[in-house]
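Dear colleague,

Please find the structure below. My notes on a sheet and a helix follow it.

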Amino acid sequence: MELRTCEVAGQRGGIRTVRDPNRPVTDGEPIQQTVVCFCDIPRDDLPFHARRYGRFGLGVCRSVVAQWGGRPVIYVPFSRKSYGTWGARFPALLNSVLDGLDHFFPDSPDTRSKVEGEPAKDAQEAADEASSLITRDVLAFLKFWDVDLPEDHPENFYMEREWRKFGNLGLALCLQEIIAPPQYHKDLRSILDALRVGGRYLIGEVEFTSIPD
């Protein structure tokens with residue numbers, strides 16, 4: 001399980017992102033965003049991924065992650081052998097739509113409030129909502145991968161089965177498993193017990209496991 005965050009500047013529709021139309025798809029992601037990332041890796045595949053990321057990990061409850069807004073990324077395949085494929089064109093198509101919205105409907109200077117799901121009150125509100133929706137629910141969840149790379153290539157991310165969630169997620173809500181070499185289990189149990197003292201963190205039962213060689 002991999003967890004990481006990316007703090008960035010820039011905002012539209014309340015979502016912190018940086019959109020760069022010139023960012024190549026070979027970088028894997030068309031924008032930068034503030035997210036926590038997870039990998040939904042089958043247990044039998046952990047030894048393979050441990051060779052890339054190490055033998056320590058956290059296992060969390062997938063249901064809780066989903067309840068708090070986490071979901072799988074959208075993998076978009078492309079091939080360096082042909083840059084005319086849909087996957088290679090898709091970022092430019094999305095950016096052209098967003099550029100048009102930004103040009104004809106610049107960000108409104110005033111702060112607006114709107115009940116989610118209600119119809120827009122005017123063209124500006126509709127454009128802001130469309131731009132935010134495309135950025136938040138499409139661009140921020142795209143993951144590009146080169147279909148010609150072998151499975152063990154360090155730039156082949158498809159096998160990670162990545163999930164993303166905007167903002168943070170408290171581990172006390174969803175921690176189920178700690179993966180570490182056996183010699184670290186005792187110390188890690190002591191750390192968890194210390195966190196539970198006085199109800200500081202309401203951490204449930206946690207299983208300790210190791211990745212086989």
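Strand β5 is joined to strand β10 (residues 175–179) by 4 bridges, and the two run antiparallel. Here strands are DSSP runs of E of at least two residues and helices are runs of H or I of at least four, numbered from the N terminus; two strands pair if DSSP finds at least two bridges between them. Gly59 stands opposite Glu177 in β10.

This is a predicted model, in which local features need pLDDT of at least 70 and side-chain atom pairs count only at pLDDT 80 or more, while totals for chains, interfaces and linings use all residues. Residues are numbered from 1 along each chain as its sequence is written, and side-chain values use heavy atoms, leaving out hydrogens and water.

The open sheet has 3 strands in the order β5-β10-β11, with mixed pairing. Because β5 (57–60) and β11 (207–209) stand at the edges with a single partner strand each, one side of each has no neighbour in the sheet.

Helix α6 (residues 185–196) packs on the sheet and touches β10 and β11, where contact means heavy atoms within 4.5 Å.

Helix α3 (residues 86–104) has 19 residues. In α3, the residues Gly87, Phe90, Pro91, Leu94, Asn95, Leu98 and Leu101 are buried (under 20% relative accessible area, with exposed over 50% and partly exposed in between; 1.4 Å probe, protein chains only). They lie on the same side of α3, because they cover an arc of only 120 degrees around the axis, taken from the directions from the helix axis to the C-beta atoms. On the other side of α3, Ala92, His103 and Phe104 are exposed.

Yours sincerely

Technical notes:
Expected span 1.5 Å × (residues − 1). Axes fitted to C-alpha atoms, helices over the stretch in contact; angles between N-to-C directions.
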